[in-house]
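Please read it with the coordinates open.

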Amino acid sequence: MDGEPRAVPLLDLIPAAHRAETVVERRYRAGDHIFQQGEATSGLWFVLDGRVAVERVGIDGSLSTTGVWTAGDMVGIAGLWDRRGYPASARALSTPTVMGWLARDLVMRLHQEVPAFGLEVSRLLAERLRFVQESVAGRLGRPIVNQVAAVLCTLSDRMGPSVGLTHEDLAHIIGTHRETVTRALHELGQDGAVHSRHGAVDVLDRQKLEDWSQAPER
């Protein structure tokens, strides 16, 4: 492991005597897969640095992005308890992306033996569920431009005013085509809400973006 893990509250709850020897650090470049959909769940991943997209391939072969996670976020927790494979793949979005990993058996033991660790995992799961529910509720059945605005509001809360995602990434999150997202971003840009550049979207006026995200039509 190269140095100490970056600040992740969950790691602080692991007894200090065991932390350095139990947390494995791995580095990835943008585009590298951290794990693949269907692989056996080996343990709990968390982002130490960079950004990670979690992507699922549907029965029809379509690709959807179920989340974009940044430093401090857990990734790949779904299969820890039911021993099933990862329900989606994780892909690094930035270079470097640094991931921490805890073996599944260790996570289970810490969950039982360190109550604060178990409570923090439960809190993070509840936070994740709320994020997903609010993200879905803000998009379904609404015009694409409003969906794009809602997604950008949610993502900028996590990533800051510069959302480092491509038009293709945003299209996968919403479940539409890249060209459709490009048109929506152009409309938002004309209103002065955002500025789209290569590999990122900058939020210029948060209030305008929220107005777009809340309006059923414009």
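This is a predicted model: local features need pLDDT of at least 70, side-chain atom pairs count only at pLDDT 80 or more; totals for chains, interfaces and linings use all residues.

1. Where a residue is called buried, its relative accessible area is under 20%.

2. Searching the whole structure gives three aromatic pairs. One of them joins Phe35 and Trp45, whose rings are tilted, with 6.3 Å from centre to centre and 40° between the planes. Because Phe35 belongs to strand β2 (residues 33–35) and Trp45 to strand β3 (residues 43–49), this pair ties together parts that are 10 residues apart in sequence. Phe35 counts as buried at 5% relative accessibility, and Trp45 is buried as well, with a relative accessible area of 2%.

3. Phe35 also pairs with Tyr86, and here the rings are stacked, at 3.8 Å centre to centre and with 15° between the planes. This pair links distant parts of the chain, since Phe35 is in strand β2 while Tyr86 is in the loop between β6 (74–75) and β7 (89–92), 51 residues apart. Both Phe35 and Tyr86 are buried.

4. Which residues make up the aromatic cluster? Phe35, Trp45, Tyr86 and Trp101 form one such cluster. At Trp101 there is also a charge to consider, for the charged end of Arg26 sits over the ring of Trp101, 5.1 Å from its centre.

5. Helix α4 (residues 115–137) gives the most to the lining of the largest cavity, contributing four residues. Sorted by class, the lining of the largest cavity comprises four nonpolar, one polar and four charged residues, and the charged residues deserve a careful look when the model is inspected.

6. Helix α5 (residues 144–159) has 16 residues and spans 21 Å from its first C-alpha to its last, which is close to the 22 Å expected at 1.5 Å a residue. How many of the residues of α5 are buried? The count is 12 of the 16, so α5 is largely enclosed by the rest of the structure. The buried residues of α5 include Val145, Val148, Leu152, Leu155 and Met159, but Asn146, Gln147 and Ser156 are also among them. After α5 comes Gly160, whose phi is positive, near 95°.

7. Pro143 is placed in the loop between α4 and α5, where it is partly exposed, with a relative accessible area of 34%.

8. Gly67 lies in strand β5 (residues 63–69) and counts as buried, at 5% relative accessibility. Gly67 and Ala193 are 126 residues apart along the chain, and their C-alpha atoms are separated by 23 Å.

Conventions: Residues are numbered from 1 along each chain as its sequence is written. Side-chain values use heavy atoms; hydrogens and water are left out. Rings of Phe, Tyr and Trp (its six-membered ring) pair if their centres lie within 6.5 Å; planes under 30 degrees apart count as stacked, over 60 as edge-to-face and the rest as tilted. Helices (H or I, at least four residues) and strands (E, at least two) are DSSP runs, numbered from the N terminus. Buried means under 20% relative accessible area, exposed over 50%, partly exposed in between (1.4 Å probe, protein chains only). A charge sits over a ring if NZ of Lys or CZ of Arg is within 6 Å of the ring centre and within 35 degrees of the ring normal. Ala, Val, Leu, Ile, Met, Phe, Trp, Tyr, Cys and Pro count as nonpolar, Asp, Glu, Lys and Arg as charged, and the others, Gly among them, as polar. The expected span of a helix is 1.5 Å times one less than its number of residues.
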